[in-house]
Amino acid sequence: MARFADIIGQDRAVTTLRETLRSARIPNAYLFEGPWGVGKTRTALALATALVCRTESDEACGTCNACLRVGRFMHPDVRFLFPVMTDEDDPESIAETLSEVANDPHHVFTYEKASSIRIGITRDILKELAFRPYEGRKRVIVLRDADRMREDQYSAMLKSLEEPGASTLWILTSARPNRLPPTIRSRCLKVRFRALTEDEIESYLLDRVGLGAAPSRLLAALASGSLARALTLRTENVAGLRDDALRGLGAANSGDPSRILAAAGEAASWSNREKMRRTLEFQFLLLRDLLRLKHGAPSNSLVNRDRLADLQKVAGGIEVREIRRRAALLEEVARAIDSNITPELAFFSAYARWGRSLAPDTAERAEAWPGWGRVRLDV
Ligand SMILES: [Zn+2]
């Protein structure tokens, strides 16, 4: 069940939509645009639910018969379309996805590059448009990732978008709105959605998903403003991955060639690039923590704040310039991984130059970077 009250971080969009509901001057079409995984679809469904809710107010009551049926995708006036992998009729897999969305408030849509909104379904819907809505004020069609449609589907849609006083509201969502034909875009009222902050994602994971403090923080830091990304990553052992990433830096910092070689081999042994990138992300986040400490940021803004004492110690013995130099080394590795340079070589090259500007004495170096060889995280 989608309600405005459950949407996080999109106050501006939600306020605008609720005002529109109160004014009862509903446009023919909305385009919800903004990054992937920030609540566009949930907000679209919340708007759809409010529009057919018996209370006829600016928020779905969540308990009336109409609300309950939208929540189960069984309301005749609300249709929800999303890209699927095949053009063939596969009502079962669509019903399965709908039931997942209905039952799991943290459901994340994933599809392949070639997924698109099915032609058969849009054709059926366009036929329905000839009739009045069955029950509610409006018929609502939510088109998730509307940029994944074929040219002929858009032209069929256009007619409905242009019809004055139409009884249908289209809500298109897109993270890539410039892929939509300009004819469609120009007929939609645009509502912008923003990337979420780390704090917003962290509290969502803590309070609503029920994750522990440490994984919530790590996932929020990795999410790049997308709740969907954080939710997708939650099945991974992020805490373990962070430990591995920091252990790599511990080896780099020791200046011991055999440890560096072993650590580079370990980092590069991840069979997929995604995992190597994540290792780098954690290493970047460590440097970001150090920078934040250098600039006097509060400790609750640190991703690795469970290691605050160590971070403070390291930050005390390193200059901002040196932190930036190390970040540049990590960027080199990231570029190398993307351009098919042997990852092991890339990691080795960065790790070997990691501690160069510290004192030449190995023991001193190891001390300057305490404890990273055995990072533990309580999850
Ligand atoms: Zn209701």
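## Zinc site

Along the chain, the donors of the zinc ion are spaced as C-x7-C-x2-C-x2-C; donors are N, O and S atoms within 2.8 Å of the metal (3.2 Å for Na, K and Ca). The model is predicted: local features need pLDDT of at least 70 and side-chain atom pairs pLDDT 80 or more, while totals for chains, interfaces and linings use all residues. Residues are numbered from 1 along each chain as its sequence is written, and side-chain values use heavy atoms, without hydrogens and water.

Cys53, Cys61, Cys64 and Cys67 each coordinate the zinc ion through SG, at 2.3 to 2.4 Å. The angles among the four donor atoms are 105 to 117 degrees and the site is tetrahedral, a label for four donors with all angles between 85 and 135 degrees. The ideal angle for four tetrahedral donors is 109.5 degrees.

Cysteine 64 is buried, at 13% relative accessible area, whereas cysteine 61 is partly exposed, at 25%. Buried means under 20%, exposed over 50% and partly exposed in between (1.4 Å probe, protein chains only).

## Helices α1 and α2

The axes of α1 (residues 11-23) and α2 (residues 40-52) come within 11 Å and cross at roughly 15 degrees. Therefore α1 is roughly parallel to α2, the term for angles under 35 degrees. Val14, Leu17 and Leu21 of α1 make the contact with Thr43, Leu47, Ala50 and Leu51 of α2; contact means heavy atoms within 4.5 Å.

## Whole chain

The chain has 17 helices and five strands, taken as DSSP runs (H or I, at least four residues; E, at least two). Of its 379 residues, 51% count as buried. The C-alpha atoms fill a box of roughly 80 × 40 × 35 Å along the principal axes.

Key: Tetrahedral: all angles 85-135°; square planar, octahedral: opposite > 155°, others 65-115°. Axes fitted to C-alpha atoms, helices over the stretch in contact; angles between N-to-C directions. Parallel < 35°, antiparallel > 145°, perpendicular 65-115°, else oblique.
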